[in-house]
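Keep the structure open beside you as you read.

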Amino acid sequence: MTNKPLKILHTEAAKGFGGQEIYIYRHMLAMRERGHDVSLLCQPGARLGEIAREAGFTVHALKMGGLLRLLRGIWSVKRLVRRHTYDVVNTTSRRDALIAAAGARLAGAPLVVRSRHLMSPVNSLLTYTGLPHRVLTVSSFVKQLLVHRGIADDHIGIVPPIAVPPQWSQAGNDDAWQCLQETRAEVRRELGFADDQIVVGCVAVLREAKGHADLLRAIAPLCRQQPNLHLVVIGDGQPMLDTLTALRANLGIAAQVHLLGYRLGACRLMTGFDIFALASHKEAAGTVFLEAAYVGVPIVATRVGGVPEMLVEGSNALLAPLGDQAALTRALQTLVEQPERRRQMGLAGWEWMRGTYRFTPTGHTETTEYYYHQWLKELGHGQR
(Lines give C-alpha, C1' and ligand atoms only; values in the text may rest on other atoms or scores of the structure.)
Protein backbone atom coordinates (compact mmCIF):
# COMPACT_ATOMS: atom_id res chain seq x y z
CA MET A 1 0.00 0.00 0.00
CA THR A 2 1.67 3.21 -1.21
CA ASN A 3 -0.93 5.65 0.17
CA LYS A 4 -1.17 6.40 3.87
CA PRO A 5 -3.66 4.40 5.97
CA LEU A 6 -7.20 5.75 6.16
CA LYS A 7 -9.54 6.34 9.08
CA ILE A 8 -12.78 4.62 8.06
CA LEU A 9 -16.20 4.48 9.72
CA HIS A 10 -18.60 1.79 8.50
CA THR A 11 -22.29 2.07 9.35
CA GLU A 12 -25.06 -0.55 9.33
CA ALA A 13 -28.63 -0.36 10.67
CA ALA A 14 -29.55 -4.08 10.58
CA LYS A 15 -29.53 -6.00 13.86
CA GLY A 16 -29.28 -9.48 12.34
CA PHE A 17 -26.25 -11.22 10.89
CA GLY A 18 -26.77 -12.33 7.29
CA GLY A 19 -24.77 -12.13 4.09
CA GLN A 20 -24.48 -8.34 4.11
CA GLU A 21 -23.18 -8.26 7.67
CA ILE A 22 -20.73 -11.10 6.97
CA TYR A 23 -19.43 -9.07 4.00
CA ILE A 24 -18.91 -6.00 6.21
CA TYR A 25 -17.20 -7.96 8.99
CA ARG A 26 -14.78 -9.73 6.65
CA HIS A 27 -14.12 -6.41 4.92
CA MET A 28 -13.34 -4.71 8.25
CA LEU A 29 -10.94 -7.48 9.27
CA ALA A 30 -9.14 -7.34 5.92
CA MET A 31 -8.87 -3.54 5.91
CA ARG A 32 -7.52 -3.51 9.47
CA GLU A 33 -4.97 -6.14 8.47
CA ARG A 34 -3.84 -3.74 5.70
CA GLY A 35 -3.16 -1.06 8.32
CA HIS A 36 -6.33 1.04 8.15
CA ASP A 37 -8.09 2.39 11.25
CA VAL A 38 -11.59 0.90 10.96
CA SER A 39 -14.57 1.57 13.25
CA LEU A 40 -18.27 0.63 13.16
CA LEU A 41 -21.50 2.50 13.88
CA CYS A 42 -24.56 0.29 14.42
CA GLN A 43 -27.66 -0.09 16.56
CA PRO A 44 -27.46 -1.25 20.18
CA GLY A 45 -27.72 -5.04 20.34
CA ALA A 46 -26.77 -5.56 16.69
CA ARG A 47 -25.02 -8.90 16.23
CA LEU A 48 -22.45 -7.32 13.90
CA GLY A 49 -21.56 -4.83 16.62
CA GLU A 50 -21.12 -7.58 19.21
CA ILE A 51 -18.87 -9.62 16.91
CA ALA A 52 -16.85 -6.56 15.83
CA ARG A 53 -16.36 -5.48 19.45
CA GLU A 54 -15.18 -8.99 20.38
CA ALA A 55 -12.65 -8.72 17.52
CA GLY A 56 -11.22 -5.52 18.98
CA PHE A 57 -12.90 -2.89 16.79
CA THR A 58 -14.19 0.39 18.17
CA VAL A 59 -18.00 0.17 17.93
CA HIS A 60 -20.31 3.18 18.32
CA ALA A 61 -23.98 2.51 19.10
CA LEU A 62 -26.87 4.62 17.85
CA LYS A 63 -30.60 3.87 17.83
CA MET A 64 -32.07 4.26 14.35
CA GLY A 65 -35.68 4.43 13.16
CA GLY A 66 -38.31 7.15 13.34
CA LEU A 67 -38.10 10.84 12.51
CA LEU A 68 -36.88 11.99 15.93
CA ARG A 69 -34.06 9.43 15.98
CA LEU A 70 -33.21 10.40 12.42
CA LEU A 71 -32.73 14.05 13.36
CA ARG A 72 -30.89 13.26 16.59
CA GLY A 73 -28.79 10.68 14.77
CA ILE A 74 -27.65 13.11 12.09
CA TRP A 75 -26.48 15.51 14.80
CA SER A 76 -24.73 12.69 16.70
CA VAL A 77 -22.92 11.45 13.59
CA LYS A 78 -21.87 14.98 12.69
CA ARG A 79 -20.19 15.32 16.10
CA LEU A 80 -18.69 11.80 15.90
CA VAL A 81 -17.15 12.41 12.47
CA ARG A 82 -15.73 15.77 13.49
CA ARG A 83 -14.28 14.34 16.69
CA HIS A 84 -12.58 11.39 14.99
CA THR A 85 -11.76 13.12 11.66
CA TYR A 86 -12.63 10.10 9.51
CA ASP A 87 -11.35 10.11 5.93
CA VAL A 88 -14.15 7.81 4.74
CA VAL A 89 -17.67 7.16 6.04
CA ASN A 90 -19.11 4.09 4.33
CA THR A 91 -22.85 3.54 4.83
CA THR A 92 -24.74 0.37 3.97
CA SER A 93 -28.52 0.25 4.49
CA ARG A 94 -31.11 2.93 3.73
CA ARG A 95 -31.73 3.79 7.38
CA ASP A 96 -28.10 4.24 8.41
CA ALA A 97 -27.35 5.94 5.07
CA LEU A 98 -29.93 8.65 5.75
CA ILE A 99 -28.45 9.33 9.18
CA ALA A 100 -24.73 8.74 8.71
CA ALA A 101 -24.33 10.14 5.21
CA ALA A 102 -26.18 13.33 6.15
CA GLY A 103 -24.21 13.70 9.39
CA ALA A 104 -20.91 12.99 7.66
CA ARG A 105 -21.61 15.53 4.92
CA LEU A 106 -22.51 18.18 7.50
CA ALA A 107 -19.25 17.37 9.31
CA GLY A 108 -17.28 17.83 6.10
CA ALA A 109 -16.08 14.22 5.77
CA PRO A 110 -13.77 14.00 2.72
CA LEU A 111 -15.51 10.92 1.26
CA VAL A 112 -18.98 9.52 1.96
CA VAL A 113 -19.76 6.18 0.28
CA ARG A 114 -22.98 4.18 0.02
CA SER A 115 -22.57 0.41 -0.34
CA ARG A 116 -25.21 -1.63 -2.17
CA HIS A 117 -25.33 -5.37 -1.46
CA LEU A 118 -28.86 -6.04 -2.76
CA MET A 119 -30.45 -6.39 -6.20
CA SER A 120 -33.94 -5.25 -5.22
CA PRO A 121 -35.18 -2.02 -6.85
CA VAL A 122 -33.82 1.31 -5.61
CA ASN A 123 -36.81 3.31 -4.40
CA SER A 124 -35.10 6.59 -3.55
CA LEU A 125 -31.98 8.05 -5.12
CA LEU A 126 -31.35 10.33 -2.12
CA THR A 127 -29.10 7.80 -0.33
CA TYR A 128 -27.20 7.09 -3.56
CA THR A 129 -26.76 10.49 -5.23
CA GLY A 130 -27.95 13.25 -2.91
CA LEU A 131 -26.09 12.29 0.26
CA PRO A 132 -23.05 10.10 -0.60
CA HIS A 133 -20.27 11.14 -2.96
CA ARG A 134 -19.87 7.67 -4.48
CA VAL A 135 -21.34 4.13 -4.46
CA LEU A 136 -19.74 0.69 -4.00
CA THR A 137 -21.44 -2.55 -4.98
CA VAL A 138 -20.67 -6.27 -5.14
CA SER A 139 -21.21 -7.26 -8.78
CA SER A 140 -21.43 -5.92 -12.32
CA PHE A 141 -25.09 -6.95 -12.38
CA VAL A 142 -25.98 -4.66 -9.46
CA LYS A 143 -23.89 -1.84 -10.93
CA GLN A 144 -25.92 -1.98 -14.14
CA LEU A 145 -29.16 -1.85 -12.13
CA LEU A 146 -27.90 1.31 -10.44
CA VAL A 147 -26.79 2.86 -13.75
CA HIS A 148 -30.22 2.16 -15.26
CA ARG A 149 -31.76 3.84 -12.21
CA GLY A 150 -29.83 7.02 -12.99
CA ILE A 151 -26.63 6.83 -10.95
CA ALA A 152 -23.53 7.92 -12.90
CA ASP A 153 -21.47 4.97 -14.17
CA ASP A 154 -18.17 6.53 -13.11
CA HIS A 155 -19.47 7.09 -9.57
CA ILE A 156 -19.91 3.34 -8.95
CA GLY A 157 -17.18 0.88 -7.99
CA ILE A 158 -17.36 -2.93 -7.78
CA VAL A 159 -15.76 -4.82 -4.90
CA PRO A 160 -16.73 -8.54 -4.83
CA PRO A 161 -17.12 -10.36 -1.50
CA ILE A 162 -14.23 -12.04 0.29
CA ALA A 163 -14.00 -15.82 0.29
CA VAL A 164 -11.85 -16.88 3.23
CA PRO A 165 -9.83 -20.09 2.68
CA PRO A 166 -11.00 -22.68 5.22
CA GLN A 167 -8.30 -22.74 7.89
CA TRP A 168 -8.93 -26.35 8.82
CA SER A 169 -8.17 -27.47 5.22
CA GLN A 170 -4.52 -26.30 5.42
CA ALA A 171 -5.28 -24.53 2.14
CA GLY A 172 -1.67 -23.50 1.60
CA ASN A 173 -0.27 -27.03 1.80
CA ASP A 174 0.40 -29.39 -1.09
CA ASP A 175 -1.92 -31.99 0.43
CA ALA A 176 -4.83 -29.55 0.92
CA TRP A 177 -7.12 -31.60 -1.35
CA GLN A 178 -6.47 -34.73 0.70
CA CYS A 179 -7.12 -32.79 3.91
CA LEU A 180 -10.43 -31.69 2.40
CA GLN A 181 -11.40 -35.31 1.70
CA GLU A 182 -10.57 -36.29 5.27
CA THR A 183 -12.73 -33.45 6.59
CA ARG A 184 -15.51 -34.57 4.23
CA ALA A 185 -15.43 -38.06 5.71
CA GLU A 186 -15.54 -36.66 9.26
CA VAL A 187 -18.50 -34.39 8.49
CA ARG A 188 -20.48 -37.15 6.81
CA ARG A 189 -19.99 -39.35 9.87
CA GLU A 190 -21.14 -36.49 12.11
CA LEU A 191 -24.24 -35.94 9.96
CA GLY A 192 -24.94 -39.66 9.80
CA PHE A 193 -24.53 -40.26 6.05
CA ALA A 194 -22.94 -43.37 4.55
CA ASP A 195 -20.49 -43.33 1.64
CA ASP A 196 -23.09 -44.61 -0.82
CA GLN A 197 -25.62 -41.89 0.01
CA ILE A 198 -25.75 -38.78 -2.18
CA VAL A 199 -26.08 -35.55 -0.23
CA VAL A 200 -27.35 -32.35 -1.85
CA GLY A 201 -26.85 -29.45 0.54
CA CYS A 202 -28.15 -25.90 0.80
CA VAL A 203 -26.86 -23.19 3.16
CA ALA A 204 -28.95 -20.00 3.31
CA VAL A 205 -31.23 -18.08 5.64
CA LEU A 206 -34.78 -19.41 5.26
CA ARG A 207 -36.49 -16.70 3.23
CA GLU A 208 -38.84 -17.06 0.28
CA ALA A 209 -36.39 -15.31 -2.05
CA LYS A 210 -33.76 -18.01 -1.43
CA GLY A 211 -35.94 -20.52 -3.32
CA HIS A 212 -35.90 -23.38 -0.81
CA ALA A 213 -39.44 -24.44 -1.80
CA ASP A 214 -38.41 -24.49 -5.48
CA LEU A 215 -35.44 -26.69 -4.59
CA LEU A 216 -37.63 -29.17 -2.70
CA ARG A 217 -40.04 -29.43 -5.61
CA ALA A 218 -37.20 -29.88 -8.09
CA ILE A 219 -35.45 -32.61 -6.12
CA ALA A 220 -38.64 -34.48 -5.11
CA PRO A 221 -38.90 -36.69 -8.25
CA LEU A 222 -35.22 -37.62 -7.94
CA CYS A 223 -35.68 -38.53 -4.25
CA ARG A 224 -38.60 -40.80 -5.14
CA GLN A 225 -36.44 -42.56 -7.74
CA GLN A 226 -33.36 -42.85 -5.51
CA PRO A 227 -33.84 -43.70 -1.82
CA ASN A 228 -30.14 -42.96 -1.20
CA LEU A 229 -30.54 -39.29 -2.23
CA HIS A 230 -30.82 -36.74 0.60
CA LEU A 231 -31.27 -32.97 0.84
CA VAL A 232 -29.70 -31.15 3.80
CA VAL A 233 -30.89 -27.59 4.49
CA ILE A 234 -28.81 -25.44 6.88
CA GLY A 235 -30.32 -22.12 7.94
CA ASP A 236 -33.18 -20.82 10.03
CA GLY A 237 -36.09 -18.43 9.68
CA GLN A 238 -39.82 -18.47 10.20
CA PRO A 239 -42.36 -18.90 8.66
CA MET A 240 -40.30 -20.64 5.96
CA LEU A 241 -39.20 -23.45 8.28
CA ASP A 242 -42.83 -24.44 8.87
CA THR A 243 -43.55 -24.13 5.14
CA LEU A 244 -40.68 -26.48 4.25
CA THR A 245 -41.62 -28.94 6.98
CA ALA A 246 -45.14 -29.20 5.54
CA LEU A 247 -43.91 -29.26 1.93
CA ARG A 248 -41.49 -32.17 2.40
CA ALA A 249 -44.36 -34.18 3.91
CA ASN A 250 -46.75 -33.26 1.08
CA LEU A 251 -44.12 -34.29 -1.49
CA GLY A 252 -43.59 -37.61 0.27
CA ILE A 253 -39.88 -37.03 0.88
CA ALA A 254 -39.84 -36.14 4.60
CA ALA A 255 -37.35 -38.91 5.39
CA GLN A 256 -34.89 -37.59 2.79
CA VAL A 257 -35.07 -33.84 3.55
CA HIS A 258 -33.16 -32.80 6.68
CA LEU A 259 -33.88 -29.30 8.05
CA LEU A 260 -30.95 -28.71 10.40
CA GLY A 261 -31.62 -25.07 11.31
CA TYR A 262 -28.78 -22.65 12.02
CA ARG A 263 -25.40 -24.32 12.49
CA LEU A 264 -22.05 -22.85 13.47
CA GLY A 265 -19.28 -23.75 11.05
CA ALA A 266 -21.60 -24.14 8.06
CA CYS A 267 -18.63 -23.82 5.69
CA ARG A 268 -17.05 -26.91 7.24
CA LEU A 269 -20.36 -28.78 7.02
CA MET A 270 -20.47 -28.06 3.28
CA THR A 271 -17.51 -30.38 2.77
CA GLY A 272 -19.88 -33.25 3.52
CA PHE A 273 -22.08 -32.38 0.54
CA ASP A 274 -21.80 -34.09 -2.84
CA ILE A 275 -23.60 -31.15 -4.47
CA PHE A 276 -24.35 -27.61 -3.29
CA ALA A 277 -27.71 -26.26 -4.50
CA LEU A 278 -29.41 -22.90 -4.11
CA ALA A 279 -32.40 -21.81 -6.20
CA SER A 280 -32.37 -18.07 -5.35
CA HIS A 281 -34.95 -15.79 -6.90
CA LYS A 282 -32.53 -12.88 -6.58
CA GLU A 283 -28.91 -12.64 -5.50
CA ALA A 284 -26.67 -9.58 -5.69
CA ALA A 285 -23.57 -11.76 -5.50
CA GLY A 286 -23.63 -14.83 -3.25
CA THR A 287 -20.58 -15.45 -1.06
CA VAL A 288 -21.88 -18.95 -0.31
CA PHE A 289 -21.10 -20.03 -3.89
CA LEU A 290 -17.47 -19.05 -3.39
CA GLU A 291 -17.41 -20.99 -0.13
CA ALA A 292 -18.86 -24.09 -1.80
CA ALA A 293 -16.22 -23.88 -4.52
CA TYR A 294 -13.51 -23.45 -1.89
CA VAL A 295 -14.42 -26.80 -0.33
CA GLY A 296 -14.50 -28.63 -3.66
CA VAL A 297 -18.27 -29.06 -4.05
CA PRO A 298 -19.98 -28.69 -7.47
CA ILE A 299 -22.84 -26.19 -7.62
CA VAL A 300 -26.40 -26.12 -8.98
CA ALA A 301 -28.02 -22.68 -8.95
CA THR A 302 -30.38 -20.32 -10.73
CA ARG A 303 -29.03 -17.88 -13.30
CA VAL A 304 -30.01 -14.69 -11.48
CA GLY A 305 -28.35 -11.42 -10.51
CA GLY A 306 -24.65 -11.62 -9.76
CA VAL A 307 -24.58 -15.43 -9.38
CA PRO A 308 -22.83 -16.05 -12.76
CA GLU A 309 -19.99 -13.76 -11.57
CA MET A 310 -19.41 -15.94 -8.49
CA LEU A 311 -18.76 -19.21 -10.35
CA VAL A 312 -17.71 -20.64 -13.71
CA GLU A 313 -20.76 -22.05 -15.48
CA GLY A 314 -20.09 -25.45 -17.03
CA SER A 315 -16.83 -25.83 -15.11
CA ASN A 316 -17.82 -25.88 -11.46
CA ALA A 317 -21.53 -25.07 -11.74
CA LEU A 318 -24.73 -25.86 -13.64
CA LEU A 319 -27.27 -23.03 -13.83
CA ALA A 320 -31.01 -23.18 -14.51
CA PRO A 321 -33.30 -20.31 -15.55
CA LEU A 322 -35.36 -18.84 -12.72
CA GLY A 323 -38.78 -20.48 -12.53
CA ASP A 324 -37.88 -23.47 -14.71
CA GLN A 325 -38.40 -26.36 -12.31
CA ALA A 326 -37.73 -28.98 -15.00
CA ALA A 327 -34.36 -27.41 -15.83
CA LEU A 328 -33.43 -27.30 -12.13
CA THR A 329 -34.36 -30.99 -11.80
CA ARG A 330 -32.26 -31.86 -14.87
CA ALA A 331 -29.24 -30.00 -13.49
CA LEU A 332 -29.53 -31.83 -10.17
CA GLN A 333 -30.06 -35.16 -11.94
CA THR A 334 -26.94 -34.68 -14.06
CA LEU A 335 -24.75 -34.46 -10.97
CA VAL A 336 -26.69 -37.00 -8.91
CA GLU A 337 -26.21 -39.63 -11.62
CA GLN A 338 -22.60 -38.81 -12.57
CA PRO A 339 -20.18 -39.19 -9.63
CA GLU A 340 -17.11 -38.62 -11.82
CA ARG A 341 -18.59 -35.37 -13.15
CA ARG A 342 -19.21 -34.29 -9.56
CA ARG A 343 -15.60 -34.96 -8.67
CA GLN A 344 -14.25 -33.13 -11.74
CA MET A 345 -16.46 -30.08 -11.18
CA GLY A 346 -15.67 -29.96 -7.47
CA LEU A 347 -11.95 -30.08 -8.19
CA ALA A 348 -12.31 -27.42 -10.91
CA GLY A 349 -14.05 -25.05 -8.48
CA TRP A 350 -11.46 -25.68 -5.78
CA GLU A 351 -8.57 -24.95 -8.17
CA TRP A 352 -10.37 -21.87 -9.54
CA MET A 353 -10.84 -20.39 -6.06
CA ARG A 354 -7.21 -21.00 -5.13
CA GLY A 355 -6.11 -19.10 -8.23
CA THR A 356 -8.68 -16.25 -8.28
CA TYR A 357 -7.16 -13.13 -6.73
CA ARG A 358 -10.16 -10.81 -6.64
CA PHE A 359 -12.00 -12.85 -3.97
CA THR A 360 -9.01 -12.98 -1.61
CA PRO A 361 -8.76 -10.57 1.34
CA THR A 362 -5.77 -8.87 -0.35
CA GLY A 363 -7.50 -8.56 -3.70
CA HIS A 364 -10.62 -7.21 -2.02
CA THR A 365 -8.75 -4.59 0.02
CA GLU A 366 -6.58 -3.45 -2.88
CA THR A 367 -9.70 -2.85 -4.97
CA THR A 368 -11.38 -0.98 -2.12
CA GLU A 369 -8.28 1.15 -1.56
CA TYR A 370 -8.11 1.97 -5.25
CA TYR A 371 -11.65 3.35 -5.23
CA TYR A 372 -11.31 5.20 -1.92
CA HIS A 373 -8.06 6.94 -2.97
CA GLN A 374 -9.25 7.62 -6.51
CA TRP A 375 -12.46 9.20 -5.26
CA LEU A 376 -10.67 11.22 -2.57
CA LYS A 377 -8.41 12.57 -5.31
CA GLU A 378 -11.39 13.39 -7.56
CA LEU A 379 -13.02 15.25 -4.66
CA GLY A 380 -9.90 17.36 -4.14
CA HIS A 381 -8.33 15.63 -1.17
CA GLY A 382 -5.18 14.39 -2.92
CA GLN A 383 -3.01 11.55 -1.59
CA ARG A 384 -4.05 10.06 1.72
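The largest cavity is lined by 13 residues, and those nearest its centre are His10, Tyr23, His27, Asn90 and Ser115. What counts as a cavity here? On a 1 Å grid over the protein atoms alone, a cavity is a set of points where a 1.4 Å probe fits but cannot get out, while a pocket is an open set with protein on both sides within 12 Å along at least five of seven lines; lining residues have an atom within 4 Å of a point. Rolling a probe the size of a water molecule over the atoms shows where empty space is left.

Before going further, some ground rules. This is a predicted model, so local features need pLDDT of at least 70 and side-chain atom pairs count only at pLDDT 80 or more, while totals for chains, interfaces and linings use all residues. Residues are numbered from 1 along each chain as its sequence is written, and side-chain values use heavy atoms, with hydrogens and water left out.

Back to our hole. The largest cavity has a volume of about 90 Å³, and the count comes to one cavity of 30 Å³ or more. A volume is the space filled by probe spheres set on the grid points, which are joined across faces, edges and corners. Sort the lining by class and you get five nonpolar, eight polar and no charged residues. (Ala, Val, Leu, Ile, Met, Phe, Trp, Tyr, Cys and Pro count as nonpolar, Asp, Glu, Lys and Arg as charged, and the others, Gly among them, as polar.)

Which elements give two or more residues to the lining of the largest cavity? They are α1 (19–33) and α14 (361–378). Helices (H or I, at least four residues) and strands (E, at least two) are DSSP runs, numbered from the N terminus. The axes of α1 and α14 come within 9 Å and cross at roughly 85°; axes are lines fitted to C-alpha atoms, for helices over the stretch in contact, and angles run from 0 to 180 degrees between N-to-C directions. The two helices are therefore roughly perpendicular to each other. (Angles under 35 degrees count as roughly parallel, over 145 as roughly antiparallel, 65 to 115 as roughly perpendicular and the rest as oblique.) On the α1 side, Tyr23, His27, Ala30 and Met31 make the contact, and α14 brings Pro361, His364, Thr365, Thr368, Glu369 and Tyr372. Contact means heavy atoms within 4.5 Å.

Now look at helix α13 (residues 339–355) and its partner α7 (residues 176–191): their axes come within 12 Å and cross at roughly 125°. α7 and α13 are therefore oblique to each other. The contact is made by Ala176, Trp177 and Leu180 of α7 together with Gly346, Leu347, Trp350 and Arg354 of α13. By class, that makes five nonpolar, one polar and one charged residues.

This pair turns up again at the second largest pocket, which has a volume of about 270 Å³. Its lining has 17 residues, and Gln181, Arg184, Gly296, Arg342 and Arg343 lie nearest the centre. α7 and α13 are the elements that give two or more residues to this lining, and α13 gives the most, with six.

Helix α11 (residues 287–294) meets α13 too: the axes come within 7 Å and cross at roughly 110°. That makes α11 roughly perpendicular to α13. Here Leu290, Ala293 and Tyr294 of α11 meet Gly349, Trp350, Trp352, Met353 and Arg354 of α13.

Finish with two spots in the loops. Gln238 and Pro239 are joined by a cis peptide bond, with omega about 10°, and Pro239 lies in the loop between β9 (229–234) and α9 (240–250). Thr85, in the loop between α3 (67–84) and β4 (88–91), has phi near 45°, a positive value in a residue other than glycine.
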